[in-house]
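Kindly read each point with the structure in view.

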Amino acid sequence: MRGVLPHSGDAATGAAGVINEITRRVGGLRIPHRVLSLLELLHEAPGSPAGWVRFLEALRDAISPDCATVFGAMPSPRGDLPGIVVAAGVGPLRLPAGASLFPSVPHLPADVLPEGGVWELNPARFEQSMLFRDMLGPAGLQPGPGLCVVNERDDGFVRAATFVLPRVASWRPTAADRELLEKLAPHLAIARRLHVRLTERRQATDVLLKAIDHLALGVLLVDAEGRLAYVNRAAAETLGLPAGFRGDPASGERDARSEAWYRLVGADRDWSRPFVLPHPREGYPLQLLSASLRASERPGGFGVRFERAVFVGDPKRRSGEPIGVLREIYGLTPAETRLTLLLLADCSLAESARLLGITLSTARSMLKRIFEKTGTNRQAALVRLMLSGFAQVRPEPGVREQRPRARESP
Amino acid sequence: VSGAPEPEPGVLVHVAALIELLFDAPSSPAGWQRFLAAVCEEMSGETVALLIGDLGEAGPFWTVAHGLDTGGLAVERFPILGGHPGEAQMPTGGVVPLPFGDRLARSDLYHRLLAPAGIPPGPGLLVILGRTPAAISAALLVLGRAPGWQPSARDREIVELLSPYVLRAIRTGMRLHASRAEVEGLLQLLDALALGVLLLDDRSRVTFANRSAAELLDTTPGPLRLEATPSLADREQRTQALRRRFRTEAITSTSGAALGDDDVSPLQVITAPLEWEEGDTELAARFAQVMFLGDPGSSRDSAGALRALYGLTPAEARLAQLLADGLSITEAAEQMSIRLSTARGVLKGVFAKTGTRRQASLVGLVLAAAGQIRAPGED
């Protein structure tokens, strides 16, 4: 059972049924305002550990200062979501690497303990779990009596759960506490799903940006309000703008990097055509090409986060030097590599010879050996060979600027 | 919430049920539709409910309604209630009784959507969900399906109790929306590159391939699976394709292997480890390295871009393209069915316009950016 609500059926005719079903389920409960306040906090929790902690603190306030509230989730089976433990009422908890949370919890089938179900902890059993033994016990908590809400489960395992446990041995959960958790339980399951989805996407964004940061080609992303959302390292170096990704800023907010960008390219630029832009420091023309990213827009559905990508090509760039690669693949000597790189940076053979401090005839014979080793016969062919792959990737992965997690702040 | 007088428990139970629906709403337009249908069900008469507006950062917001066909109407930043001086004082989350003077009746929203469906501009209720400094830009509206309906005190109480939750659900929706649009945008960006890009896990299995990489490996492009469990069959297929191309089971992480033999043109392979923070062991295992594939035998049509960038004529752009594809001037002349001397003349024009003086410079120029980007829609 993945959802707590029926998801099929016509929305129009099904609404009364859904409402009746839910009100039947919760109808016997008195719903105090504090439940609604907790739900407000729970709505803010997905996607951020700090949000979960605020909710757990409020939940603890609503129950008793003698208890602690804990949320734990196992690493996802795909390995893309790390395990997490957060709590209120005890010090910070750290999930040891590779720990699984609920190994000794009996694997109750989903019809006995469904997602969104509330479960009374058996202290003798819970004491044996790794979660208690390695984390909660040493933090000073009692193994029970307590309550547990299943936030997420699959056929065999409880994968995420919220616990209410005694800090003081004499504390016992009351019927009202259980009722409160029963009211919250379906919301906890939904909040967990939202959290998983947001986290997966943030990770996907992170990994894709890391890949783009390796390109020697300059890449910028412009958001729907015309601000620069991302500048990769190559573009940052060429254009003299700060590199890195910028999370969701407040609507209408402008930042210094975007202002600098529009000073460079002009505010009312026609992006449908490529154009040349003078290099900000050296003056020679750079190539700017744009790709609209609006194709992801769906009618009546999702809009865009990025309006377009802008690619910046630098015909004379001197970065992206594949030194080790050229030695490894083509057996070029360091001197031959240096000559190749100068030719790649748009120097003539004579200029290159001068820069290397060798005579033109030495450079000529060196070039001949480079041609032999790379299987080329002309400078143009050599440049083409390098630029079809090797010179497109930056040699060393650098450290990208810390990505501001704007959407995670309170 | 805690400061307000305690409503009768009956209403709260219904509100709690609506909140449960609301919690699940932001994931999809269908989720919102279920919520809106339930709101109409709770109202005292025949009503329509409508969620509409632009919410800024997330781009144009969707239009969802119950009891009204919006036809996928995109609402581009028009005020829902236009320019009333009192609007500036109305806070986000506030509930406004309709009609609000004649404001709604004069709005684009009314003329484009409500009037054609015969829905009166009030009485009804409006929850302010987003606003610019001057006007309301996003709202939940509940209106009678036909003239004559008045919201009861209970209707109003329910809507007022719901309003903070609707606001939060909208925010969650915006975050979901922005995060998805972010990933989709980045995938499109990578697909625009002529360079092949692959992501490999710690066992050198392919977890992602962009369009160019998929073509080089003769396999289907593999987007990162975001909402479903990744298809292991897909991953396996792509991994096998990569291993066939490498002709080995062991894909080493050393950079720069040139792949190929007599029957396959050699590819340039550049790999780099992806660096993760210390705690991200699972991520580091799933996305261990990035692999770039360059194909020296490839040709990307950059003639259009060259014409726009440097004002080349069609013949000049074609010659520049052929030279960048690796042809000599003699071969290019042959290909273009022109005499060598004519080709030299054309090349002179290309040099003059691009500020280059040698073929090698020209090739570097074409491949700086123009030749690195796939034309839109190129297959």
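1. A contact here means heavy atoms within 4.5 Å. On that basis, among contacts in chain B between residues at least 6 apart in sequence, 59% join residues at least 24 apart. The model is a predicted one: local features need pLDDT of at least 70, side-chain atom pairs count only at pLDDT 80 or more, and totals for chains, interfaces and linings use all residues. Residues are numbered from 1 along each chain as its sequence is written, chains are lettered from A and ligands numbered from 1 in the order in which they are written, and side-chain values use heavy atoms, with hydrogens and water left out.

2. Chain B as a whole. Chain B holds 13 helices and 10 strands; helices (H or I, at least four residues) and strands (E, at least two) are DSSP runs, numbered from the N terminus. Of its 379 residues, 60% count as buried, where buried means under 20% relative accessible area, exposed over 50% and partly exposed in between (1.4 Å probe, protein chains only). The accessible surface of chain B is about 14,500 Å², and 53% of that belongs to carbon and sulfur atoms. Such areas come from the Shrake-Rupley method with a 1.4 Å probe; for residues, only the protein chains shown count as cover.

3. The sheet of chain B. Five strands form an open sheet in the order S2-S1-S5-S4-S3 (chain B), with antiparallel pairing; two strands pair if DSSP finds at least two bridges between them. Strand S2 (64-66) and strand S3 (95-98) of chain B are the edge strands, each pairing on one side only. From one strand to the next, the twist averages 15°. Axes are lines fitted to C-alpha atoms, for helices over the stretch in contact, and angles run from 0 to 180 degrees between N-to-C directions.

4. Inside and upon that sheet. Strand S4 (residues 124-131) of chain B is joined by 7 bridges to strand S5 (residues 136-144) of chain B, and the two run antiparallel. In S5(B), B:Leu140 stands opposite B:Val127. Helix H2 (residues 29-42) of chain B packs on the sheet, touching strand S1 (47-53), S2 and S5 of chain B, and its direction makes about 35° with that of S2(B). Helix H5 (residues 153-191) of chain B also packs on the sheet; this helix touches S1, S3, S4 and S5 of chain B, at about 20° to the direction of S4(B).

5. Strand S4 of chain A. In strand S4 (residues 147-153) of chain A, 7 of its 7 residues are buried. Antiparallel to S4(A) runs strand S3 (residues 118-120) of chain A, joined by 3 bridges; A:Val118 has A:Val149 as its bridge partner. S4(A) is also joined to strand S5 (residues 158-166) of chain A by 6 antiparallel bridges, with A:Cys148 partnered by A:Phe163. A hairpin of 4 residues connects S4(A) to S5(A).

6. Aromatic rings. Rings of Phe, Tyr and Trp (its six-membered ring) pair if their centres lie within 6.5 Å; planes under 30 degrees apart count as stacked, over 60 as edge-to-face and the rest as tilted. The count is 7 aromatic pairs over all chains. One of them is stacked: A:Trp52 and A:Phe71, at 4.6 Å centre to centre and 0° between the planes. This pair links distant parts of the chain, 19 residues apart, with A:Trp52 in helix H3 (residues 49-63) and A:Phe71 in strand S1 (residues 67-73) of chain A. Both A:Trp52 and A:Phe71 are buried. Ring pairs also link A:Phe126, A:Phe132 and A:Phe163 into a cluster.
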